[in-house]
Amino acid sequence: ISGGGNAMQGADNNTILQNLPDGVINVNNGNGMYASNLASPTNYGTINVQEGVGMYLTGMTLSGATTGSNYGSINVSGWGNYGALVSNGAVFTNQGVISVSCADCEGGQYAIGMGGGSNLGAISVKEYGIGIEYGENNGEIGIGADSAIGMRGGINNGVIGGNSTASGTGMSGGENNGTIDIYSGTGMKNGINNGGITVNNGTGMNNGTNNSTIDVTNGNGGVASNGGMFTNHGEITVGSGNGILVQSGGYGVNSASGTITLAGKGYGAKVEDGDFLNAGTINFSSKNGGSCANVSVGGECVDNVDETETTSANGLIYIGKNGTFINSGVVDMNGETVDFDSMRDEESGAFVVAKGGTYKADSFKGAVVAGKDIVKGGFEDKYVNENSFEGKNEGLSVSSGSYMFDAALKDNGDSVDVEMARKEFDTLVEDKEIAGFLETNYKLENNEAMYDALKDAEDKATFDETTRLETGQ
């Protein structure tokens with residue numbers, strides 16, 4: 001078929017379209033099989049979809065409440081083509097083989113596109129191809145080029161990749177309940193992993209949520225980038241590289257149930273630009289060149305070295321520009337003297353001790369920030385985060401992360417608490433009537449949500465704007 005039109009067409013529920021095992025349809029401009037209104041197309045033979053100009057070129061187009069199947073082979077090449085285009089509630093199932101490749105294209109060809117399709121067979125995706133768009137994979141999807149994507153959205157219950165030539169991106173969005181096994185590239189972008197992701201060289205996940213396992217030989221377990229968020233609730237294992245990398249304003253989280261294990265060189269968590277919160281466990285081996293993080297992290301850092309060996313914390317963590325290390329758990333920094341100032345960018349790097357957070361070392365010095373979450377909830381005039389530092393104070397200083405409170409250190413000898421004392425509202429608000437209103441209602445313990453919003457402000461400008469919004473000025 002060339003010049004537009006359909007090689008085979010059915011338009012009602014009495015129509016059965018079949019391309020038999022020895023049948024071949026070559027599509028140069030048009031549709032190999034077109035079905036609508038409950039017609040049933042089935043391919044047992046071969047459909048070749050080649051290049052065209054200015055229109056969709058499809059192996060099967062299913063429009064409306066139709067049901068179609070492929071038991072044969074569909075070969076897709078050329079920009080903008082589909083092996084099966086599924087729309088308007090139609091259902092398509094591949095139990096054969098669909099291959100997608102276009103070395104001279106720059107994207108836009110699909111094995112199964114537009115949603116409503118599922119794979120029980122095999123799909124092969126190479127240059128600039130996409131296996132399934134917003135559908136379901138219960139079979140196998142092979143990807144074999146850096147520009148290839150196994151699935152865009154949808155649900156994977158099967159296998160994506162799975163061999164030494166697998167390269168590209170396993171899934172872009174969607175949910176993985178199966179296996180993603182990539183030799184080089186990215187396992188998943190902006191999705192949810194409930195299955196297993198294995199990457200030899202590259203990144204396990206770029207933004208999204210890991211609820212299960214990520215195993216990376218060389219590269220990054222998870223990346224939070226471009227203002228996005230990556231959260232690990234499961235297990236990340238990295239041979240060499242980074243457990244979690246935060247860059248370009250991203251936000252990385254290793255939750256209380258999250259575990260990161262770094263076997264060789266690199267960081268359990270590395271922050272280049274953005275924020276990172278560790279409430280879980282980071283395992284590393286300084287003996288093998290590993291470090292907990294390049295910023296201060298919460299949770300638990302465990303150095304898997306011999307008990308007779310010691311390591312310096314100053315070599316384990318560094319916070320770059322605009323980086324923030326938030327500790328709401330326990331960080332054992334394995335050092336005789338920890339100097340926070342030497343471990344951060346002088347202008348914009350920050351170590352934060354958050355509510356429930358503890359840093360451990362023989363002694364500490366340098367500047368830290370008392371997290372604003374310490375004062376959230378309730379109507380106390382003083383909040384205390386006990387044992388914020390387990391070790392001697394040899395030059396620590398603390399600033400408040402909440403403009404509404406002052407922060408100070410209470411030295412207990414072998415430990416240091418962080419104390420945060422509320423400022424009187426008449427020292428914060430110029431309008432005395434508003435200041436009196438806020439002071440009275442704080443003491444009466446009215447409207448906790450409003451006061452939490454005020455406590456959340458880090459500077460005067462934000463506090464003034466929040467006051468205006470909350471009081472209706």
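Quick housekeeping. This is a predicted model, where local features need pLDDT of at least 70 and side-chain atom pairs count only at pLDDT 80 or more, while totals for chains, interfaces and linings use all residues. Numbering starts from 1 along each chain as its sequence is written, and side-chain values use heavy atoms, with hydrogens and water left out.

On confidence: pLDDT is the predictor's confidence in each residue, from 0 to 100. The protein averages 86, and 86% of its residues reach 70 or more. Strands here are DSSP runs of E, at least two residues, numbered from the N terminus. Residues 52–59 fall below 50, yet that stretch has 34 contacts beyond near neighbours in sequence, a contact being heavy atoms within 4.5 Å.

Now the aromatics. Rings of Phe, Tyr and Trp (its six-membered ring) pair if their centres lie within 6.5 Å; planes under 30 degrees apart are stacked, over 60 edge-to-face, and the rest tilted. That gives 17 aromatic pairs. Phe340 and Phe364 are a stacked one, 5.9 Å centre to centre with 5 degrees between the planes. Phe340 is in the loop between S37 and S38, Phe364 in strand S39, 24 residues apart. Are these two buried or exposed? Phe340 is buried at 0% relative accessibility, and Phe364 is buried at 0% too; buried means under 20% relative accessible area, with a 1.4 Å probe and protein chains only.

Then there's Tyr383 with Phe405, edge-to-face at 5.7 Å and 70 degrees. Tyr383 is in strand S40 and Phe405 in strand S41, so this pair ties together parts 22 residues apart in sequence.

Back to Phe340 and Phe364: both belong to one aromatic cluster that also includes Phe351 and Phe389. Phe351 takes us to S38. In a regular strand, side chains alternate between the two faces of the sheet. In S38, Phe351 and Val353 point one way, Ala350 and Val352 the other, and all are buried. S38 pairs in the parallel sense with strand S35 over four bridges; pairing needs at least two DSSP bridges between two strands. Val352 stands opposite Ile326, and its bridge partner in S39 is Val369.

Note on methods. Buried means under 20% relative accessible area, exposed over 50%, partly exposed in between (1.4 Å probe, protein chains only).
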